[in-house]
Amino acid sequence: MNVRIAGEATDDEASAVAAALAEHVGDTVEVYVGDDDEPAVVHEFDDESASPSPADRTASETDELEPTERERRLREEIADIYEGGPERYREQLEEGEKLFVRDRLELWFGDDGNELLFEDGRFAAFDDWHPEGVGEETDDRLPADGLITGAATFEGRDVHFMANDYTVKRGSMAAKGVEKFLRMQQRALKTGRPVFYLMDSSGGRIDQQTGFFANREGIGKYYYNHSMLSGRVPQICVLYGPCIAGAAYTPVFADFTIMVENMSAMAIASPRMVQMVTGEEIDLEALGGPQVHARESGSADLVAEDEEHARELVAQLISYLPDNADETPPRGEPTPPDRSPAGIDAVVPQHPNEGYDVLDVVERVVDGGTYFELRPDYGAEILTAFARIDGRPIGIVANQPAHRAGAIFPDAAEKAAEFIWTCDAFNVPLLYLCDTPGFMAGSQVETEGILEAGKKMIYATSSATVPKQTVVVRKAYGAGIYAMGGPAYDPESVLGLPSGEIAIMGPEAAVNAVYARKLSEIDDPEKRERRERELREEYREDIDVHRMASEVVIDEIVPPSELREELAARFAFYEDVEKSLPRKKHGTVI
């Protein structure tokens, strides 16, 4: 093979070209430089001395190759990162019976069917602390900048996750960790997969706030991204420690928040800051512990007993949710109800003012073992829960006559509105079980914003485009029937049980409002009582569910023992129903 190269080439360059080409083509190569007639170099190919190609190498030659010192050094650095922050913070975790973050990730993603797929940004802030200036009892160690992000499989689902490392400056957030958090959120927007926030953070790292607090891509972008993710993918937050100031907004932005007893807290400011600003002396548990947010503020959906229980709750929760708003919730295997549907009519008292536990109805309607209630201690006069009927996930909104007669108070209306809104976002059909005297009246609830809260509940019911089934279990008075998915609110069906009544108000209140003067004119107490009873019965005939069915106000009266079967058929028939909202940017009720 003859090759001619530029005249400026040196003898060494000509020799190198000749040798390389000879080995490549497996033949003798003559190299001519410039316009020379004679070759400057002749390189004869030596088959015996030629280097073998990778395919020609024997297995033994390949197996002899081992990681270099460079790779071993990298592995040592990674192992050091996995050790977390200073040992004294590890000891504090043990005192509080909390897991080290790496052990927590093992609990979540380390058993059969679950796997931590990869981690992003292990070397974040690496140059700031490694290898010099590191001491066991100093704050110099900043592995992963105190924030772990990545992807994992959880109960057969692909998820994004973040987890604070409490051993690194008590889980505080700084520039590199913030960058990792933001990237994780932005990637979730692209993938359409759920996000888990495993929070244990004291907030922003105050002494390092330059560069991440007010920047366009700083910590404030967390909440912008939360807002963009809201309704797009499920965001689930578990609190493992005190989340103060900016850190406390992630759990309240999440779709579902779980706190851990004797471990979690969240507040807009620490007790010390509260005392400085207001003079109030209060400990963290009383300021923002689990019971505060489960009972008073409603910010906690569930309270777990310990770390293992928190994981179990999330495993149950995500089974009712799709990966994103474009998908439908996963179906489960149908199971018989925990209690016989034949007992439904016996559970509901004949008298509309007599209390009972609506769970006794729910357990006879839904698949056994699937009832999963959220915010059970907040606004307890309305029950909000996930469950399944014939394997199909549904969201249940049920009045609870065992609490304040099932009247709707502001906190219950708020809870119901948010639950309805969330179910609609993630394509979970809704079942309303109505048994309420309506929205509560009085000066106290007016100051607490009953009209505002009621408006939000009615708005959520009006705007929900998922399949809706409404059951008038017993009384449906006042605007309660509006909020609870009544005939005017585009449900796929309104069913009545034989105990049902629909009216502006109950018979006692109506008779008093309309006939008070005429009754007062009857001097004989017995005659007055008899006439009052007659008027109540006449009024009750007008509001009875049979009259409502006769007037086609409701779709059907169902024998109570057949309610589960009826609902299963209707949810199945309407599961693909398409409904739309008027063309607009968005509503103004929030």
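What follows is a short chat about reading a few features of this predicted model.

Me: Let's start with cysteines. How many disulfides are there here?

Reply: The general idea is a distance check: a disulfide is a pair of cysteine sulfur atoms within 2.5 Å. In this model the count comes to zero. Take cysteine 423: the nearest cysteine sulfur belongs to cysteine 434, and that is 17 Å away. Looked at from the other end, cysteine 434 has the sulfur of cysteine 423 as its nearest, 17 Å away, and is in no disulfide either.

Me: And is cysteine 423 buried or exposed? What about cysteine 434?

Reply: Here you look at relative accessible area, where buried means under 20%. Cysteine 423 comes out at 1%, so it is buried. Cysteine 434 is buried too, with a value of 0%.

Me: Okay, on to strands. Which way do the residues of β14 point?

Reply: The general idea first. In a regular strand, side chains alternate between the two faces of the sheet. Now the case: Ile382, Thr384, Phe386 and Arg388 point one way from β14, while Leu383, Ala385, Ala387 and Ile389 point the other way. Both sets are buried.

Me: What does β14 pair with, and in which sense?

Reply: To read pairing, look for bridges between strands. Strand β13 (residues 372–374) pairs with β14 in the antiparallel sense over three bridges. One to find is phenylalanine 372, whose bridge partner in β14 is phenylalanine 386. Strand β15 (residues 392–399) also pairs with β14 in the antiparallel sense, over eight bridges. There, threonine 384 stands opposite valine 397 of β15.

Me: How many residues sit between the strands in the hairpin of β14 and β15?

Reply: Two. Within that hairpin, have a look at aspartate 390, which takes a positive phi near 55°.

Terms used. Residues numbered from 1 in each chain as written. Predicted model: local features only at pLDDT ≥ 70, side-chain atom pairs only at ≥ 80, totals over all residues. Heavy atoms only, no water. Buried < 20%, exposed > 50% of the residue type's maximum accessible area, 1.4 Å probe, protein only. Helix = DSSP H or I, 4+ residues; strand = E, 2+ residues; numbered from the N terminus. Pairing = 2+ DSSP bridges.
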